[in-house]
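Good morning, everyone. Please look at the sequence and the model on the screen as I go through its parts.

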Amino acid sequence: MWEQTGSDVRLDWGAEGVAALGRECAVLVVVDVLSFSTTTDLVVGRGGRVLPVRWRDERGIARARAAGAMIAGESGFTLRPSSVTEIPPGTLLALPSPNGATLCDAAAATGAHVLAGCLRNAAAVAAKAAGLGGPIGLIAAGERWGVNVFGHSETFGPLRPCVEDQLGAGAIAAALAGHGRSLSAEAALAARSLDVTALASCVSGRELIEAGHGGDVALAAQTDVSDTAPVLTGGVLA
């Protein structure tokens, strides 16, 4: 039952969700609204590419450098969406993150098609996923307790489900229902819970706003403004 068998579209959380849904799903959509998937959408929308790198993976960073990638955090580009709004076309950006990038790598290991989805590109990602086959698994990234992307926390705790990723996965699920796909109970509940105004008032949104990054929350809250549907091919989202 953990695979949510019998539904075209399924939803679960984090690495455990990848493991469960990856056993049956032909397509996995990683949803990390604040901020990996939103930043990826903006980069790809400007003609760039994103190389997801597992969090604190020095070998992954070394491989990215060897591939000629710019490393987020070592230049003007970071994990923050507002940092990439003017990124030059053709840029290959290595983007480490504890949630979205790490989950993309785990999802790729299942053999499924892997996409990065958010509110900005929900309809486009749904259309692309529907064309790739099924079942389709929506992986709401959530966060990990104890991980501080602004600092150097030594802990990496259990999953914390997040409003923003429930919203992003729900927007994609609703769009997939419009393509005639049946939704599991988990996906259907998310599809019925689309209150994008909650993004600014939820814990993750408040954290960013209070840190002076309200512009990133505003970019992430824009819904269906992008026609990009980043697909992971050869370890790169484009």
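In which loop does glycine 157 lie? Glycine 157 is in the loop between strand 8 (143-144) and strand 9 (159-160). Helices and strands here are DSSP runs numbered from the N terminus, where a helix is H or I with at least four residues and a strand is E with at least two.

Two remarks on the source are needed before I continue. This is a predicted model, in which local features need pLDDT of at least 70 and side-chain atom pairs count only at pLDDT 80 or more, while totals for chains, interfaces and linings use all residues. Residues are numbered from 1 along each chain as its sequence is written, and side-chain values use heavy atoms, with hydrogens and water left out.

Let us stay with glycine 157. Is glycine 157 buried or exposed? Its relative accessible area is 19%, and glycine 157 is buried. The term buried means under 20% relative accessible area, exposed means over 50%, and partly exposed lies in between, using a 1.4 Å probe and protein chains only. Setting aside neighbours within four places in sequence, glycine 157 is in contact with Arg144 and Trp145; contact means heavy atoms within 4.5 Å. Valine 147 is 10 residues away along the chain, and its C-alpha atom is separated from that of glycine 157 by 7.3 Å.

Four strands form an open sheet with parallel pairing, in the order 1-7-2-6. Two strands are said to pair if DSSP finds at least two bridges between them. At the edges are strand 1 (9-13) and strand 6 (113-117), each of which pairs on one side only. From one strand to the next, the twist averages 25°. For angles, axes are lines fitted to C-alpha atoms, for helices over the stretch in contact, and the values run from 0 to 180 degrees between N-to-C directions.

How many bridges join strand 1 to strand 7? There are five, and strand 7 covers residues 136-140. Within this pairing, arginine 10 has glycine 137 as its bridge partner, and aspartate 12 stands opposite isoleucine 139. Strand 1 is mostly covered, with four of its five residues buried. As a general point, side chains in a regular strand alternate between the two faces of the sheet.

Next come the helices that lie against these strands. Helix 1 (residues 14-21) lies across strand 1, strand 2 (27-31) and strand 7, and runs at about 145° to strand 1. Helix 4 (residues 100-108) also packs on the sheet, where it touches strand 2, strand 6 and strand 7, and its direction makes about 170° with that of strand 2. In helix 1, the buried residues are Gly14, Gly17, Val18, Ala20 and Leu21. Their cover includes strand 1, strand 2, helix 4, strand 7 and strand 9.

Helix 2 (residues 36-45) is mostly covered as well, with nine of its 10 residues buried. Among them are Phe36, Asp41 and Leu42. Just after helix 2, glycine 47 takes a positive phi of about 85°. Another cis bond runs from glycine 134 to proline 135, with omega near -5°. Proline 135 is in the loop between helix 5 (122-132) and strand 7.

Two residues other than glycine also have a positive phi. Glutamine 4 has phi near 55° and is found in the segment before strand 1; with a relative accessible area of 9%, glutamine 4 is buried. Aspartate 224 likewise has phi near 55°, and lies in the loop between helix 10 (214-221) and strand 10 (232-233). Which class does aspartate 224 fall into? Aspartate 224 counts as partly exposed because its relative accessibility is 43%.That concludes my presentation; thank you for your attention.
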